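Colleague: I have a few quick questions about this one. Can we go through them together?

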Amino acid sequence: MCGRVTVRTSPEQIVTGLGLAGIRTAVERPRFNLCPTQLMPVVTNDGARMLDAFRWGLVPSWAKDPAIGNKLINARGETVAEKPSFRSALKRRRCLVVVDGWYEWKQSTKPKTPYHFHRKDGQLLTLAGLWEEWTAPDTGEVLNTCTLITTGPNALMAPIHDRMPVILAPEAQEVWLRPEPQEASVLLPLLVPCAEESLDAYEVSRVVNSPANDTPACVERVAA
């Protein structure tokens with residue numbers, strides 16, 4: 001599971017870094033401990049190449065209660081094409097979720113030890129995601145939501161956890177953001193672990209354990 005991320009990069013830097021057309025909605029302040037139900041920076045496959053901010057936790061259009069999104073923060077790449085909550089979005093509503101790092105907890109320690117994962121070069125991470133538009137039946141309010149797709153671990157992640165987010169390389173991003181419906185046979189080969197050589201990780205303080213903490217202390221390296 002991937003359930004916490006960092007977005008310390010400004011919306012303007014994201015637009016520049018990814019060559020986007022502009023900003024529609026954005027996460028306006030640095031996030032050191034961004035959690036499910038909060039807004040995530042995304043680029044959808046609507047063809048506009050604009051930066052948006054969608055709520056983390058997918059709410060399918062057919063859902064009666066948006067609370068279902070609390071359970072749909074991740075989609076397993078191995079089964080995403082089969083699950084009713086995800087298969088339509090995989091075909092038609094894909095997105096990049098743009099972060100600069102994520103947290104994972106080492107399972108073999110007691111208590112579990114948090115680590116921060118990021119690119120060695122400090123650049124953005126473009127994660128494979130899905131998005132949905134849900135309309136409240138009573139008020140007509142529109143809610144845009146997203147989920148992250150996960151895969152098995154690479155060599156860097158394996159000692160910490162058995163899942164990691166799918167990180168899309170530039171050529172894979174172009175396929176993922178095609179506006180036209182895509183068959184699973186085209187998309188599933190993209191949902192694999194990235195090369196560990198591009199990533200780094202270090203232990204951080206357990207201050208990150210609490211969703212209430214969203215300060216630079218969350219990403220501070222613990223002294224060896």
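Colleague: How many aromatic pairs does the count come to?
Modeller: The count comes to 3 aromatic pairs. Keep in mind that this is a predicted model. One of the pairs is Trp-102 with Phe-117, which is stacked, at 5.2 Å centre to centre and 15° between the planes.

Colleague: Where do Trp-102 and Phe-117 lie?
Modeller: Trp-102 is in strand 8 and Phe-117 is in strand 9 (residues 113–119), so the pair ties together parts 15 residues apart in sequence.

Colleague: Are Trp-102 and Phe-117 buried or exposed?
Modeller: Both are buried. Another aromatic pair is Tyr-103 with Trp-105, and that one is tilted: 6.4 Å centre to centre, with 50° between the planes.

Colleague: Why does Tyr-103 count as buried?
Modeller: Tyr-103 counts as buried because its relative accessibility is 0%, and buried means under 20%. Trp-105 has 15% relative accessibility, so Trp-105 counts as buried too.

Colleague: Which residue lies over the face of Tyr-202?
Modeller: That is Arg-221, at 4.1 Å from the ring centre.

Colleague: Changing topic. How many salt bridges does the structure hold?
Modeller: The structure holds 10 salt bridges. As background, side chains of opposite charge can pair when their charged atoms come close.

Colleague: Which side chain does Asp-100 meet in a salt bridge?
Modeller: Asp-100 meets Arg-8, at 3.3 Å from N to O. The pair links distant parts of the chain, 92 residues apart: Asp-100 sits in the loop between strand 7 (94–99) and strand 8 (101–106), and Arg-8 in the loop between strand 1 (5–7) and helix 1 (11–18).

Colleague: And is Asp-100 buried or exposed?
Modeller: Asp-100 is buried, with a relative accessible area of 7%. Arg-8 is partly exposed, at 33%.

Colleague: What does Arg-29 meet in a salt bridge?
Modeller: The side chain of Arg-29 meets that of Asp-214, at 3.0 Å from N to O. This pair also links distant parts of the chain, with Arg-29 in the loop between strand 2 (22–23) and strand 3 (31–34), and Asp-214 in the segment after strand 13 (199–203), 185 residues apart. Arg-29 is partly exposed, with a relative accessible area of 47%, while Asp-214 counts as buried at 16% relative accessibility.

Colleague: What about Glu-78, which side chain does it meet?
Modeller: Glu-78 forms a salt bridge with Arg-163, at 2.9 Å from N to O. Glu-78 is in the loop between strand 6 (74–76) and helix 2 (87–92), and Arg-163 is in the loop between strand 11 (142–151) and strand 12 (164–165), so the pair ties together parts 85 residues apart in sequence. Glu-78 counts as partly exposed at 43% relative accessibility, and Arg-163 counts as buried at 7%.

Colleague: Which residues are linked in a network of salt bridges?
Modeller: Arg-24, Asp-46 and Asp-52 are linked that way.

Colleague: Now the whole chain. How many helices and strands are there?
Modeller: The chain has 4 helices and 13 strands. Its radius of gyration is 17 Å, close to the 17 Å that the globule rule gives for 224 residues, so the chain is as compact as a globular protein of that length.

Colleague: What does the C-alpha trace span along its principal axes?
Modeller: The trace spans about 50 × 40 × 35 Å.

Colleague: Last one: what share of the residues is buried?
Modeller: Buried residues make up 50% of the 224 in the chain. The accessible surface comes to about 10400 Å², and 53% of that belongs to carbon and sulfur atoms.

Note on methods:
Residues are numbered from 1 along each chain as its sequence is written. This is a predicted model: local features need pLDDT of at least 70, side-chain atom pairs count only at pLDDT 80 or more; totals for chains, interfaces and linings use all residues. Side-chain values use heavy atoms; hydrogens and water are left out. A salt bridge is a side-chain nitrogen of Lys or Arg within 4 Å of a carboxyl oxygen of Asp or Glu. Helices (H or I, at least four residues) and strands (E, at least two) are DSSP runs, numbered from the N terminus. Buried means under 20% relative accessible area, exposed over 50%, partly exposed in between (1.4 Å probe, protein chains only). Rings of Phe, Tyr and Trp (its six-membered ring) pair if their centres lie within 6.5 Å; planes under 30 degrees apart count as stacked, over 60 as edge-to-face and the rest as tilted. A charge sits over a ring if NZ of Lys or CZ of Arg is within 6 Å of the ring centre and within 35 degrees of the ring normal. The radius of gyration is taken over C-alpha atoms; the globule rule is 2.2 Å times the number of residues to the power 0.38. Accessible areas come from the Shrake-Rupley method with a 1.4 Å probe; for residues, only the protein chains shown count as cover.
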